[in-house]
Amino acid sequence: MSLNLVDVEWHEFFIEDTAKIFSGRDIYDAERVQGKVPYISSTAKNNGIGHFVGNRNSTLESNCLSVNRNGSVGYSFFHPYKGLYSNDCRKLRPIVSSNYVAFFLSNQISFQRHKYSYGYKMGTGRLKRQKIMLPAISENKPNWQFMEDYTKALMDKKKAKYIEFSHKELAKLKPRNIAKLEDKEWHEFFLKDIFKIVQRGKRLTKANQIEGRHPYVSSTSLNNGVNDFIGNEDGVRIFSNCLTVANSGSVGASFYQSYKFVASDHVTHLQNDQFDRFIYLFIATLTNRLSDKYNFNREINDKRISRDKVMLPVNEDHRPDFEYMGQYMMNQEYLKRKQYLNYIQNEK
């Protein structure tokens with residue numbers, strides 16, 4: 001059987017004919033308990049997971065889809081793990097028990113999101129009347145086997161590509177035994193003494209942003225600080241190979257940026273040409289802790305960041321031990337890549 005999407009017959013089907021639809025149940029901030037259970041809400045990020053909680057209620061179930069009825073309306077995700085579902089989404093239990101089919105369905109449901117908005121939500125009634133296009137054996141019978149085989153082949157291809165990539169990356173790493181973090185001596189250092197350049201980005205209003213491919217780094221704590229992709233090149237500040245620290249919004253959120261990006265005035269970039277990515281990544285974990293001393297009402301400005309300090313491991317001369325920091329992060333990357341490679345190769 002051909003697994004080409006253009007070679008298979010397609011027909012419209014009501015969503016309610018592919019899955020049973022259930023309402024969610026809100027867990028309000030005051031009653032939310034910290035824990036390990038995914039609480040699925042109406043975000044378009046993190047596979048729809050808004051929080052991890054210790055609560056329990058009747059919505060707890062695995063192998064279900066979520067469809068956002070509020071917030072980022074129309075986005076659909078598959079959850080093979082046990083999760084709780086808020087009332088900002090709907091829980092769908094597919095009539096066919098297959099992870100591969102569930103992934104296919106979530107993708108087709110998400111295609112319909114463009115017709116919905118904050119003022120036109122995807123409630124239960126509309127969800128039942130919503131149609132999606134599916135591969136079909138006939139007008140009233142979806143081709144579940146094609147969906148299963150197509151998605152499995154696609155995921156196997158992606159997995160093989162990742163395994164090949166991971167082996168290449170592991171070959172570049174040179175792990176070695178070093179002292180533990182707790183065995184190193186640590187001292188405080190001013191950021192301005194560590195980085196040769198400390199400079200804020202430049203203001204660029206939404207109205208003046210041009211659609212393009214340059215990452216636009218602003219004050220979000222998600223997606224490595226990337227808020228959008230723009231085409232502006234004139235009248236902006238473009239940096240690369242540096243750290244960014246959010247001045248406002250998610251104040252203190254810090255990331256290593258290996259690529260060229262446009263910096264908004266909501267971030268400050270910190271650069272030292274002597275640092276490689278491993279050193280930057282080590283220090284980014286420490287600059288990220290600046291968020292503990294700042295908030296929405298107390299933002300980072302040029303004067304404050306000039307006085308900010310971070311704790312760093314030092315060598316025998318009591319200077320920052322950058323060699324140690326770089327080796328530590330290289331060891332961590334090697335360990336994590338090996339762990340995930342082992343997991344994905346043994347995944348059934």
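Buried means under 20% relative accessible area, exposed means over 50%, and partly exposed is the range in between, computed with a 1.4 Å probe on protein chains only. Asn272 counts as buried, because its relative accessibility is 6%.

This is a predicted model in which local features need pLDDT of at least 70 and side-chain atom pairs count only at pLDDT 80 or more, while totals for chains, interfaces and linings use all residues. Residues are numbered from 1 along each chain as its sequence is written, and side-chain values use heavy atoms, with hydrogens and water left out.

**Loop residues**

Helices (H or I, at least four residues) and strands (E, at least two) are DSSP runs numbered from the N terminus. Asn272 sits in the loop between strand S19 (267-271) and H5. Leaving aside residues up to four places away in sequence, Asn272 touches Ile194, Phe195, Lys196 and Tyr280, where contact means heavy atoms within 4.5 Å.

Two other loop residues have a positive phi without being glycine. For Asn63 the angle is near 60 degrees, and for His318 it is about 65 degrees. Asn63 belongs to the loop between strand S4 (49-53) and strand S5 (64-68); His318 belongs to the loop between strand S20 (309-313) and H7. Asn63 is partly exposed at 37% relative accessibility, and His318 is partly exposed at 42%.

Two packed helices are described by the angle between their axes and the distance between the axes. Here the axes are lines fitted to C-alpha atoms, for helices over the stretch in contact, and angles run from 0 to 180 degrees between N-to-C directions. Angles under 35 degrees count as roughly parallel, over 145 as roughly antiparallel, 65 to 115 as roughly perpendicular and the rest as oblique.

| Helix pair | Axes come within | Crossing angle |
|---|---|---|
| H5 (residues 277-287) and H7 (residues 322-346) | 8 Å | roughly 90 degrees |
| H3 (residues 144-172) and H7 | 10 Å | roughly 150 degrees |

H5 is therefore roughly perpendicular to H7. On the H5 side the contact includes Arg277, Phe278 and Phe282, and on the H7 side Met325, Gly326 and Glu333 are among the residues involved. The residues of this contact divide into 10 nonpolar, 1 polar and 2 charged. Ala, Val, Leu, Ile, Met, Phe, Trp, Tyr, Cys and Pro count as nonpolar, Asp, Glu, Lys and Arg as charged, and the others, Gly among them, as polar.

H3 and H7 are roughly antiparallel to each other. In H3, the residues that meet H7 include Lys159, Tyr162 and Glu169, while Arg337, Lys338 and Gln345 are among their counterparts in H7. This contact comprises 8 nonpolar, 3 polar and 4 charged residues.
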